[in-house]
Each structure stands twice: as structure tokens, then as C-alpha cells.
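Here are some notes to read alongside the model, meant for someone opening it for the first time. Have the 3D view ready and take the points in order.

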Amino acid sequence: MSKVRIGIIGLGFMGSTHFRIYRSLPNAEIVALADVDPAKRKGDISSVNGNIGNDDNSIPLDLTGVATYENGFDLINDPNVDVVDVCVPTPYHKDYMVAALKAGKHLFSEKPLCRTLEDAKEIEAAVKDAKGFINIGMCVRAWPEYDNFYRRFHAGEFGKALIVDFRRLSRDVSFSGAWENWFMDGKRAGGALLDMHLHDTDFITYLLGRPQAVSSFGRSVYSSDGAIDHLVTTYDYGTDGPLVTATGGWTSAYDVPFEMSFQIICEKATVRFMSEGYKVYWNDKRVETPVIEVGNLPTGWHQELSYFVECVQNNVKPDRYQNFQSVLDGFKVVMAEEKSCKTNQKVTVEY
Ligand SMILES: NC(=O)c1ccc[n+]([C@@H]2O[C@H](COP(=O)([O-])OP(=O)(O)OC[C@H]3O[C@@H](n4cnc5c(N)ncnc54)[C@H](O)[C@@H]3O)[C@@H](O)[C@H]2O)c1
């Protein structure tokens with residue numbers, strides 16, 4: 001295959017981020033776009049505003065040569081499309097994902113996997129019969145510092161994990177220009193719990209394996225339907241395992257900067273990704289600042305998309321960052337956290 005032909009469904013914050021990344025990849029070509037919003041179908045993304053990245057969205061995207069559709073199912077049926085990339089709000093992932101897999105397309109879909117455990121079951125069944133490759137946008141797994149830690153930790157460099165803490169905090173996202181302000185609609189977005197904190201839950205499950213249970217404490221502040229806007233979770237890895245916690249939320253005042261950070265204390269070193277950058281503080285008092293070569297792929301979004309396109313181009317099943325089961329596991333853990341917040345009880349995760 002010369003260039004991989006991409007169709008993007010949903011041109012909001014994530015769709016436009018993906019659009020720009022594909023345009024920068026030599027082996028990808030955007031051939032189709034679907035969006036319910038007519039302005040987006042003309043490339044007008046002036047309403048879009050996200051938590052990372054500072055592109056000038058007042059300049060319309062150039063859609064010359066790109067077929068545009070109002071309905072994402074028409075894009076899925078477009079024979080020119082090799083990869084369907086689903087970037088619509090969370091509750092609409094499932095139907096597009098299942099249709100794309102049934103149509104034999106390769107599928108990249110944004111996180112979270114979907115909105116409910118019932119949706120996840122349907123997707124799981126479609127994945128079993130799928131001919132195309134699949135990747136869910138759990139971009140933190142591919143984020144350079146997180147990926148560097150993951151690989152060095154699993155190579156045994158730092159010894160066993162003892163105390164693990166992740167944080168992901170944003171101002172409220174009602175400013176974001178999102179379509180129909182859907183992030184604040186708890187039924188659709190699932191609060192900060194499902195939309196943001198899931199990244200850390202997923203990374204913890206990927207890094208350390210399946211926790212047995214979770215104890216979560218949360219508050220609903222802005223979202224409708226009692227969805228959790230801020231929470232703290234302890235992940236149960238048994239009394240001999242590490243003490244693992246994560247905090248996530250989108251409740252801070254408007255001018256507070258976005259924070260994604262971790263501190264992981266291991267037997268031989270403490271590794272931090274925080275305001276001081278990414279550092280390894282060795283127990284023997286050396287302080288290391290790892291140099292990570294990212295070339296022109298600075299974020300996890302760039303890394304995951306470029307890798308997926310390369311796999312499709314070379315017909316190699318993608319396995320560097322994920323398999324479907326591991327994504328499903330992380331989703332089940334975050335759903336258990338939701339239940340724990342709502343019931344005020346420790347919840348055993350059912351895998
Ligand atoms: N990986 C990440 O770091 C990250 C960051 C932000 C958002 N996301 C995820 O990406 C997805 C999209 O979020 P966003 O921030 O881009 O939202 P957004 O509101 O900015 O964009 C959604 C776009 O989808 C379009 N749309 C809505 N319903 C549609 C439908 N049925 N068919 C076709 N188009 C439709 C809207 O017009 C809009 O252009 C969500 O699932 C979100 O959780 C991931």
C-alpha cells in the first residue's frame with residue numbers, strides 16, 4: 001500500500017488534532033471527513049479549543065480533495081477509505097466502531113472505548129470477527145515520558161513499584177467549544193471520571209496488571225446527572241503489592257494550567273513527571289533527566305497515529321501499545337470506580 005487512506009468522523013478538538021497529524025505523516029492521506037456540523041464540513045474549526053496544543057483554529061482546514069459526509073455511516077461505506085478514525089463524542093463511538101469493523105475497515109477510535117459496559121460487550125463481539133486492525137486512542141500509553149517509564153520499568157531497571165501516584169487535573173471543560181457542550185452532560189460524557197481520569201486508570205492497569213478492586217471517592221460539581229467531576233481512587237493490588245492512587249478532575253478555576261503528572265517510587269529509584277520535567281532520582285543520589293528521541297512526533301497522539309498508519313501500510317498487526325483486551329480491562333476498572341463513588345463502597349472489578 002502506498003499511502004494509507006484515512007476517513008475521519010468528527011472534526012472537533014480530537015478530529016482536528018488527528019487531521020493535522022495525518023497531514024504531517026508522509027504515508028497517510030486524508031480522503032474523507034464526516035461531521036453533523038456543516039461548518040466543520042467546510043473546514044471551519046474556529047469553535048474548537050482543547051486542553052493541550054496551541055494551533056491557530058481561526059484558520060480553516062484545507063479540505064481540497066477530501067470527500068465530505070454528514071453521516072458517518074456513508075464515510076464507512078466509501079470504498080476509498082482504508083482507516084476509519086472515530087472522533088465523535090463518546091456515546092456515539094460504539095455504532096460507528098461496530099459498523100466500521102463489520103465493513104472490514106481498519107479502525108482507530110478515540111478513547112474512552114465507549115459509554116457503557118453494554119456498549120463494550122457489543123464492541124468486543126465485533127472485534128472478535130474483525131478483519132481490520134483496531135486501536136483505541138489511549139494516547140497516554142504512547143506519551144513519550146509514560147512510554148519511557150513503562151519500557152524501563154518492565155525491563156527491571158527500577159526494581160519493584162512500591163508507591164504509585166498519578167494526577168490529571170484540568171479546569172472545567174465547559175469553555176472548550178465542544179459540540180453541544182456535551183462534556184458537561186453526564187449521561188453522554190461520564191464526567192471527568194470517564195473522560196480524563198480513565199487515562200490514568202488505563203495506564204495503571206497496563207503498567208501493573210489488573211487491580212482486584214477499587215475504592216473511589218468522588219464529587220459531582222458541574223456535570224448533569226450526578227456524573228463525577230473530581231475523584232480520588234485507591235487501586236487494590238493486595239497487601240504485598242504497591243500502594244496505588246490516582247486523582248482526576250476538571251473542577252479548578254479557569255486560569256489553572258492543565259496538569260498530567262506522576263510520581264512512582266520503586267525499589268531503586270523515584271521517577272517523577274511533574275513541573276520539574278521528567279526525572280529519575282536514583283537511591284544513590286544520582287539525578288537523571290532522560291533524553292527521549294521523539295523526532296517530529298512530540299506527543300502520544302503523534303506516536304500512536306504514526307505507529308497505527310505504519311502498521312496498516314505494512315500489514316503488520318499493531319501490538320506495541322495495546323491489545324483490545326487490555327483496553328477493555330482498563331474500561332472495566334474505571335466503570336468499577338464509578339460504582340465505588342456512587343455506592344461509597346470498595347468494588348471488586350469483574351473482568
Ligand atoms: N485522547 C485524548 O487525549 C482526548 C482528548 C479530548 C477528547 N477525546 C475524546 O475524543 C472524542 C471527541 O471529543 P472532542 O473533544 O473532539 O469533542 P468535540 O465536541 O470537540 O468534537 C466532536 C465533533 O463530532 C461531531 N459530531 C457529533 N456527533 C456526531 C455524529 N453522530 N456523527 C458525526 N459527527 C458528529 C461534532 O459536530 C464535533 O465536530 C471523545 O470521545 C473524547 O472523549 C480524547
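Which helix gives the largest share of the shell around the ligand?

1. Helix H1, covering residues 13–24, is the one to look for: three residues of the shell come from there, the largest share. Keep in mind as you look that this is a predicted model.

2. Now the rest of the ligand's surroundings. The ligand has 27 residues around it, and the closest are Gly10, Gly12, Met14, Glu110 and Ala178. By class, the shell splits into 15 nonpolar, six polar and six charged residues.

3. Domain 1 runs over 4–132, while domain 2 is made of 141–297 + 330–348. Both take part around the ligand, with at least three shell residues drawn from each of domain 1 and domain 2.

4. How far apart are the centres of domain 1 and domain 2? Taken over C-alpha atoms, the separation is 26 Å. Where the domains touch, domain 1 puts in 19 residues and domain 2 puts in 16 residues. On the domain 1 side of that contact, H1 and H5 supply at least two residues each. That side of domain 1 divides into nine nonpolar, seven polar and three charged residues.

5. Next, have a look at H5 (residues 117–128) beside H10 (residues 324–343). Their axes come within 11 Å and cross at roughly 175 degrees. An angle over 145 degrees counts as roughly antiparallel, which makes H5 roughly antiparallel to H10.

6. Which residues meet between these two helices? From H5 you have Leu117, Ala120, Glu124 and Val127, and they meet Phe324, Leu328, Phe331 and Met335 of H10. Sorted by class, the H5 contact with H10 has seven nonpolar residues, no polar ones and one charged.

7. You'll find Ser275 in the loop between strand S12 (269–274) and strand S13 (277–282). Is Ser275 buried or exposed? Ser275 is exposed, because 8 other C-beta atoms lie within 10 Å and the cut-off for exposed is 12 or fewer. Ser261 sits 14 residues away from Ser275 along the chain, and the C-alpha atoms of the two are separated by 8.1 Å.

Methods:
Residues are numbered from 1 along each chain as its sequence is written. This is a predicted model: local features need pLDDT of at least 70, side-chain atom pairs count only at pLDDT 80 or more; totals for chains, interfaces and linings use all residues. A residue is near a molecule or strand if its C-beta atom, placed from the backbone, lies within 6 Å of it. Helices (H or I, at least four residues) and strands (E, at least two) are DSSP runs, numbered from the N terminus. Ala, Val, Leu, Ile, Met, Phe, Trp, Tyr, Cys and Pro count as nonpolar, Asp, Glu, Lys and Arg as charged, and the others, Gly among them, as polar. Domain bounds come from an automatic or database domain assignment. A residue is buried if 20 or more other C-beta atoms lie within 10 Å of its own, exposed if 12 or fewer, and partly exposed in between; C-beta atoms are placed from the backbone. Axes are lines fitted to C-alpha atoms, for helices over the stretch in contact, and angles run from 0 to 180 degrees between N-to-C directions. Angles under 35 degrees count as roughly parallel, over 145 as roughly antiparallel, 65 to 115 as roughly perpendicular and the rest as oblique. Two residues are in contact if their C-beta atoms, placed from the backbone, lie within 7 Å.
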